[in-house]
Amino acid sequence: MDKELKQLQEKINYDKTFDCVQCGYCLPACPTYETMKKETHSPRGRINLVKEYAEGKISVEDLKEPIDKCLGCNACTVVCPTNVQYGKILEGAKHVIEEKRTKSKKEEWVENLIFDKVFPSRKWMKRIGNVSWLYQKSGLQSLAQKIKMTSIAPLHLDQFEKVLPDLPSPTKRKSRPKVIKAEGETRMRVGFFTGCIMDSVFFEINKKTIELLIKAGCDVVIPETQTCCGALHAHSGKVESSRQLAKQNMIAFEEEHVDVIVNNAGGCGARLVEYEELFTDEQWKEKAKSFVEKTRDVSQILYEALDQIEFTRPINDIVTYQTSCHMINVQKVTKEPFELLQSIPGIEYRQFKGYDRCCGSAGIYNMLNYDDAMDILDKKMTHVKVSRAHTIVTTNPGCLLQMKLGIQREGLQGKMRAVHLVELLHEAEPVSKERQVTAISNNA
Amino acid sequence: MSKDWLNALQSQFGNDRVMTETKDTHSYSFDASFGSFVPEAVIQVYTKEEIVKILKVANEYAVPVYPRGQGTSLSGGPLPVKGGIVIDMAQWDNDLKVYPEDLIVVASPGVKTSAINEAAGKYGLMYPPDPSSSHVSTIGGNLAENSGGPRGLKYGVTKDYVIGLEVVTPEGEIIRTGGKTIKNVTGYDLTKLIVGSEGTLGIITEAVLKIIPKPQFSKTMMAVFDSVVTSGEAISKVLTSGLLPAKIELMDQASIEAVENFKPIGLPVNAEAILLIEVDGHEETVNEEVNQIHGILNELGATDVVIPETKEEEQHLWMARKLVSPAITRVKPTKVSEDATVPRSQIPQMIEKLNAIKEKYHVNLVVFGHAGDGNLHPNIICDKRDKEEMIRVEKAVAEIFEAAVSLGGTLSGEHGIGTMKAPFMEMELGKAGLDMMKRIKKAWDPNDILNPGKIFTSDQNNELVLSHG
Ligand SMILES: Cc1cc2nc3c(=O)[nH]c(=O)nc-3n(C[C@H](O)[C@H](O)[C@H](O)COP(=O)(O)OP(=O)(O)OC[C@H]3O[C@@H](n4cnc5c(N)ncnc54)[C@H](O)[C@@H]3O)c2cc1C
Ligand code: SF4
Ligand code: SF4
């Protein structure tokens with residue numbers, strides 16, 4: 001066989017495509033097959049195209065659109081009875097498409113800005129956070145206009161801006177200490193992975209996360225040198241940048257000697273638990289392994305601490321939950337958010353149809369494929385409405401923004417709200433039981 | 001060759017609806033069987049009039065047309081083996097009406113099989129045919145393949161529930177067969193002819209299906225055996241003792257292991273075989289029958305009989321059964337699925353023959369299936385990249401067919417002939433029998449445009465070839 005083709009097959013995980021027997025069991029699970037209604041956008045269709053590309057039967061241009069339009073939600077892998085590693089096939093395909101793509105100078109420049117400057121940079125993220133999302137109705141958008149960037153998708157940032165929360169003042173942001181002690185006795189030392197978007201746009205949620213963690217008996221450490229998780233890079237085929245970011249994070253947390261590494265963004269968490277697969281050399285692999293073993297979603301920590309906290313304010317509300325694909329399908333964290341929600345007094349929980357299907361945000365999918373993402377979202381909202389819930393709980397910033405957008409599109413502002421799980425738990429005013437006990441015994 | 005037919009279609013449907021881009025045509029080049037063939041165009045349809053238009057063009061220009069449901073066929077049914085046009089029927093899934101007082105449902109061809117049963121369930125009724133793929137497959141595909149499932153043992157298969165069809169003939173005429181009544185003897189029974197015709201005689205655009213009251217009570221049991229042959233004997237014994245369970249399904253050791261690997265539910269991975277049995281009806285009768293079956297199973301040497309206590313545990317067992325077919329490929333990637341079927345009394349003999357074939361050709365042969373009605377699913381797990389192995393597989397497959405026919409059985413119980421079994425038709429039907437079928441095809445489809453290359457051999461498939469798939 002042609003040497004080049006062979007190399008390509010290795011890169012694209014060609015061998016893994018043979019695990020697919022085209023049984024179609026994944027079709028009902030795939031959101032893009034549901035909305036785009038073509039095998040071209042089904043899991044087995046995509047796998048077939050990857051295979052055919054690796055065999056030299058179709059071109060990279062033929063492959064590109066079907067791969068770009070995949071949400072990467074991994075719903076197909078969960079139902080696949082032959083355990084096809086679709087995630088690996090997808091990443092391989094993205095990597096190769098990225099390599100083959102002939103980019104214009106402008107595209108290079110903007111991508112370089114997004115992936116190498118903005119997302120890994122705390123400074124940039126702070127700037128974004130301080131000045132508002134991507135520079136007040138977007139540095140990027142006006143930038144794109146200035147340099148007449150017609151080749152990249154219009155990012156529809158104006159739509160997203162409408163649903164953004166009020167941003168904290170710069171002084172408030174700067175005043176956050178680096179270590180916050182547990183209330184009462186320290187049960188564990190947790191390193192907080194803050195996440196780019198969570199720590200800028202949703203800074204308040206991060207603050208509440210810390211407050212919940214200390215009530216749950218955690219000393220919270222926020223390593224200064226941590227950086228972007230690298231999910232967006234990996235999902236765009238930029239394997240090397242994502243590896244570099246992983247290394248930086250591993251070092252940052254290793255230095256702090258924490259018991260666990262906690263995050264509150266389903267998408268970032270999914271990336272963190274996959275760090276081990278990025279490395280082949282022994283030393284880094286070892287480090288990655290220990291990092292992955294320590295990684296938890298905030299809901300896991302809080303769930304374990306449920307016997308130590310008490311919610312003092314009932315929330316009389318009908319609540320539903322939109323899961324984060326990366327959290328349930330990759331991290332496999334499923335029961336904890338449910339259990340936490342149901343432990344809040346006053347809540348009436350109602351599940352809506354398709355609550356565990358992708359909402360269409362999928363990293364920056366909703367910016368790059370705006371119309372397709374809105375089709376998926378609108379479908380979801382029709383089911384949400386049937387549940388008559390008033391509050392939609394999410395566990396990932398992308399999903400949170402997307403659901404806020406969904407509410408806006410339905411004209412339901414004021415009647416329905418979307419929140420992060422942490423916000424709702426915080427609203428129920430949890431107190432540490434231990435502290436209560438100490439307080440009472442002090443009084444006595 | 002000029003593509004006048006393509007222009008003709010585009011002018012009627014608009015360019016957008018006639019998919020010709022590589023990424024799309026290649027995405028309709030496969031089903032759940034073997035081999036891939038790229039069509040020149042794909043059209044998704046939503047009305048019978050659209051199908052009429054396509055068939056008229058196809059006839060005029062003599063282009064092949066292939067109806068396709070969700071492409072879960074295990075016999076190559078929807079593969080566009082001669083190029084041409086694939087019609088995707090699966091998106092026409094929105095017409096489904098239940099008439100509880102008449103005990104019928106009327107469905108458009110793309111409706112999923114499981115959706116029909118769910119809709120009937122709302123009225124305490126059920127649609128019994130339950131292929132393992134029912135949550136994916138379309139009713140059109142089920143009708144064309146005459147699909148069956150575990151419940152076939154007691155309740156029969158798709159053909160037993162069809163009372164009327166609307167069909168577009170290959171020449172583009174709309175006809176109705178049967179009606180909405182249970183009894184109907186007006187002329188030839190074209191309904192039954194269309195059912196199981198694998199999309200070679202007409203395209204089904206509407207089905208009138210019979211539904212029945214849901215049994216009030218059911219119980220599941222799992223019997224464990226240390227020999228597949230003994231499990232076969234147990235099936236024969238149960239069925240000749242005046243008992244009729246709703247389902248008797250067999251899983252051999254390799255199938256048990258495969259599903260346990262995917263979703264561990266505590267199946268006995270060391271057992272040579274298990275039988276999953278469901279009995280339904282009135283509560284008292286069910287309990288009584290379960291006791292009797294339990295006795296027979298013990299008598300015949302079952303090493304263990306488990307009766308799940310909760311509905312949830314029962315569901316896990318049946319879910320495990322549903323997953324066998326795809327899950328068994330974990331060892332090697334290629335699956336050659338057969339569904340040779342024998343008279344019930346011959347099940348133990350067939351299993352012995354299969355064991356002999358497995359030894360003789362050193363193939364990885366897995367057996368599971370609707371054993372209660374003699375419909376075994378011997379699957380050979382192999383790697384299509386290995387030429388030498390595939391030649392052994394070809395020989396083993398041919399011998400499986402011979403074994404079934406020699407025991408008074410048939411090539412296919414429910415998956416259909418499609419491309420792969422076509423070379424063996426004469427062995428079962430004889431020359432005259434096969435010729436009558438060819439004449440029927442010729443009468444319906446004079447230009448041979450509808451799903452050509454299926455059921456009957458053509459230049460491309462006059463012998464079974466797996467070694468260059
Ligand atoms: C994992 C797995 C398990 C399975 N289990 C079972 C089982 O238990 N029992 C069983 O019987 N089968 C089973 N099958 C086989 C398959 O699911 C059935 O044959 C099913 O009926 C095919 O339906 P489909 O919609 O996918 O049709 P397709 O595969 O797309 O087409 C099947 C045939 O029907 C024709 N066709 C489709 N729609 C129409 C129409 N409207 N009018 C005329 N012809 C049409 C096609 O041309 C083709 O010949 C299984 C398959 C898989 C992959
Ligand atoms: S469920 Fe798995 S094996 Fe089946 S078609 Fe989908 S990816 Fe392929
Ligand atoms: S990852 Fe999600 S969108 Fe992509 S093929 Fe799988 S189910 Fe479909």
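Modeller: Start with the contact between the chains, in what is a predicted model. Chain B puts in 33 residues and chain A 31.

Biologist: What makes a residue part of that contact?

Modeller: Heavy atoms within 4.5 Å of the other chain. The 33 from chain B and 31 from chain A are in contact in that sense.

Biologist: How do you know how much area chain B and chain A bury between them?

Modeller: By the accessible area that the two parts lose on being put together, summed over both. Here that comes to about 2,700 Å², with 55% of it on carbon and sulfur atoms.

Biologist: Why is the pair B:D24 and A:K38 called a salt bridge?

Modeller: The cut-off is 4 Å from a Lys or Arg side-chain nitrogen to an Asp or Glu carboxyl oxygen. B:D24 and A:K38 sit at 3.4 Å, N to O, so the pair qualifies. Between chain B and chain A the count is four salt bridges, and 16 residue pairs are in polar contact.

Biologist: Which helices of chain B supply at least two residues each to the side touching chain A?

Modeller: α2 (22-25) and α11 (311-327). The largest share, four residues, is from α11(B). By class, that side of chain B has 11 nonpolar, 14 polar and eight charged residues.

Biologist: And what makes A:C30 a neighbour of ligand 3?

Modeller: A heavy atom within 4 Å is the test. A:C30 is among the closest of the 13 residues surrounding ligand 3, with A:R46, A:C70, A:C73 and A:C76, so A:C30 passes. That shell is nine nonpolar, three polar and one charged.

Definitions and conventions:
Residues numbered from 1 in each chain as written. Chains lettered and ligands numbered in written order. Predicted model: local features only at pLDDT ≥ 70, side-chain atom pairs only at ≥ 80, totals over all residues. Heavy atoms only, no water. Buried area = accessible area lost by both parts, 1.4 Å probe. Polar contact = N/O pair within 3.5 Å; in protein donor to acceptor, adjacent residues only side chain to side chain. Nonpolar A, V, L, I, M, F, W, Y, C, P; charged D, E, K, R; others polar.
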